[in-house]
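Q: Could you walk me through what holds this chain together? I'd like to go one contact at a time.

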Amino acid sequence: MEITFHGAAGCVTGFCAKVQTGSATVLIDCGMFQGSKTLKALNYGEFPFDVGNVDAVLLTHAHIDHSGLLPKLMRAGFSGPIYATAGTRDLCAVMLPDAGDIQEREVEHLNRRNQRRGRPPVEPIYTAKDADRCMALFERVKLGERVEVAPGVTAVYWEAGHILGSASIELRIETAEGPVTVLFSGDLGPGGRDYFPDPQGPTGVDHLVIESTYGDRQRMQVDPATRRRLLAAELRDAHEAGGPLLIPAFAVERSQELLADMLVLMDSGEVPACEIFLDSPLAIAATEVFQQRGWNPASGRNPFVDVREGGRLRFLEKPWDSDGLDRLSGWHVIVAASGMCEAGRVRKHLKRLLWRRDATVLLSGFQAAGTLGRLLVEGAERVKIQSEDVRVRARVRSLDVYSGHADATALTNWARARLPVAGQVFLVHGEPNALEGLSRRLAGAGFGSDQLRIPAIDSRFSLTKQSAKLTDRGGGRIAPEAAAATDWHNARAALQIALDEQLESAADDRARAHLVGRLREALALASPAATGRGGSMLQRLS
Ligand SMILES: [Zn+2]
């Protein structure tokens with residue numbers, strides 16, 4: 001039996017593991033790559049495996065970096081079942097068509113540019129319609145029940161406490177030497193939340209595949225009351241600054257949690273009340289799923305029943321509703337997707353608000369390397385949004401108490417609770433520091449250092465009950481080190497901004513011409529005057 005890590009190996013997004021036995025092939029997740037353009041380009045390439053051989057997909061949860069390439073898989077010929085919990089299925093029913101819609105619009109925009117540049121048009125990875133069709137492949141799985149997913153392969157889904165419907169998946173594979181079990185953590189929640197249950201899992205598995213998003217980070221352990229107190233402080237500060245508060249938030253889960261908390265705080269008078277705009281059709285649709293399925297068995301209640309349109313809460317479905325916010329002044333709150341500021345309506349609001357000193361931008365979760373959200377958190381003074389250079393004058397704040405992710409201690413505790421683990425522990429879904437950080441922690445928490453592995457993207461291992469042998473190093477699609485880093489697109493954008501800044505701050509036009517001349521020299525470009533061509537071009541332009 002073999003396992004191949006086709007995504008979120010050496011990086012955080014695009015999780016996809018392929019498990020191949022003598023009689024079956026199953027995928028755990030089929031996620032979309034997000035972050036740098038180098039990574040995102042992988043979404044357009046062919047799958048690095050024979051899609052026709054895949055019997056089934058087992059889906060841990062609905063986040064796009066775990067589910068986002070399912071419609072593409074279907075387009076490539078996959079027609080088998082996709083096993084998921086009811087919550088995951090219902091969220092996918094709104095999230096996947098939305099992802100298709102975003103791609104259609106992005107490609108439309110790109111094709112207009114390509115046309116002007118004389119380049120051939122490109123196709124979207126999939127459309128909203130493809131995503132709708134893909135939903136017919138979903139099969140519901142209940143937590144705790146063993147299901148046969150392919151010949152000789154059964155699975156049990158366990159509560160992962162990460163987002164609504166999220167699960168860890170325990171696979172049991174029949175082999176000649178007896179059954180082999182592999183537990184995939186999926187993304188794990190931190191536990192101790194009032195709105196969502198704690199993660200669970202079996203003990204005594206043969207191999208463990210564990211996420212490492214926060215593998216090197218400790219977060220303040222906050223109880224729900226402290227969480228709301230910290231949010232209240234941010235709301236009061238933003239109110240004092242005098243302008244709007246923009247919260248780029250993941251449309252699913254983060255938005256609903258934030259809204260539920262803000263309603264509590266404003267209704268109780270703890271913070272200055274105002275209108276709250278939920279400006280994301282996806283978040284609005286997801287909120288309906290939370291109203292139906294947000295019931296928490298631990299607390300015996302659904303905390304999202306009050307998060308509905310009406311009162312101070314306004315749902316903005318149509319783009320023109322969203323444009324209307326332009327005319328609004330003073331204290332109000334806008335919650336808009338996406339959480340890492342990479343897509344969605346939030347970019348429009350950032351372009352509109354970042355230069356304003358009275359505005360506040362509150363980032364509320366993990367920001368992957370290479371994303372606009374990460375640049376803002378790191379204190380960028382200028383950013384490029386929709387090819388426009390935008391000055392950052394707004395207060396940029398970060399509140400990391402809403403994470404649906406376990407931190408380093410919670411990950412370690414979860415892994416320890418799975419002991420004994422007879423074979424290997426594969427650390428995935430993390431940036432290099434996080435992967436190494438978690439590996440060190442696990443080595444000090446009852447795992448042998450020879451058990452711990454950090455697989456590279458597309459690397460393959462041959463598994464027996466207790467051992468794993470590397471049979472393919474991967475590296476065919478993308479260099480392992482390129483998976484984690486910011487890429488040359490990020491570097492170019494930073495260089496362009498730095499150049500513009502230097503030119504603007506130069507003493508006079510002579511100094512600017514001198515700087516441009518030196519740059520041309522460094523790039524070994526002929527000076528415009530020497531060839532005559534560039535010179536006449538400049539004349540034509542002026
Ligand atoms: Zn997730």
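This is a predicted model: local features need pLDDT of at least 70, side-chain atom pairs count only at pLDDT 80 or more; totals for chains, interfaces and linings use all residues.

Q: What does the side chain of Glu 123 meet in a salt bridge?
A: The partner is Arg 75, at 3.6 Å from N to O, a salt bridge being a side-chain nitrogen of Lys or Arg within 4 Å of a carboxyl oxygen of Asp or Glu. Glu 123 sits in the loop between α4 (86-116) and α5 (128-134), and Arg 75 in helix α3 (residues 70-75), 48 residues apart; helices (H or I, at least four residues) and strands (E, at least two) are DSSP runs, numbered from the N terminus.

Q: And is Arg 75 buried or partly exposed?
A: Arg 75 is partly exposed, with a relative accessible area of 38%, and Arg 75 and Glu 123 belong to a network of salt bridges that also links Asp 130 and Arg 133.

Q: How many salt bridges does the count come to?
A: The count comes to 31. One of them joins Arg 193 and Glu 257 at 3.5 Å, N to O; Arg 193 lies in the loop between β10 (178-184) and β11 (207-211) and Glu 257 in helix α7 (residues 254-267), so this pair ties together parts that are 64 residues apart in sequence. Arg 193 is buried at 11% relative accessible area, and Glu 257 is buried at 2%.

Q: Switching to the metal, which residues are the protein donors of the zinc ion?
A: They are His 61 (NE2), His 63 (ND1), His 162 (NE2) and Asp 187 (OD), lying 2.2 to 2.3 Å from the zinc ion; donors are N, O and S atoms within 2.8 Å of the metal (3.2 Å for Na, K and Ca), and sites may look incomplete, as water is not among the atoms.

Q: How are those donor residues spaced in sequence?
A: The spacing is H-x1-H-x98-H-x24-D. His 63 lies in the loop between β4 (56-58) and α2 (64-67) and Asp 187 in the loop between β10 and β11, so these two tie together parts 124 residues apart in sequence, and both are buried.

Notes: Residues are numbered from 1 along each chain as its sequence is written. Side-chain values use heavy atoms; hydrogens and water are left out. Buried means under 20% relative accessible area, exposed over 50%, partly exposed in between (1.4 Å probe, protein chains only).
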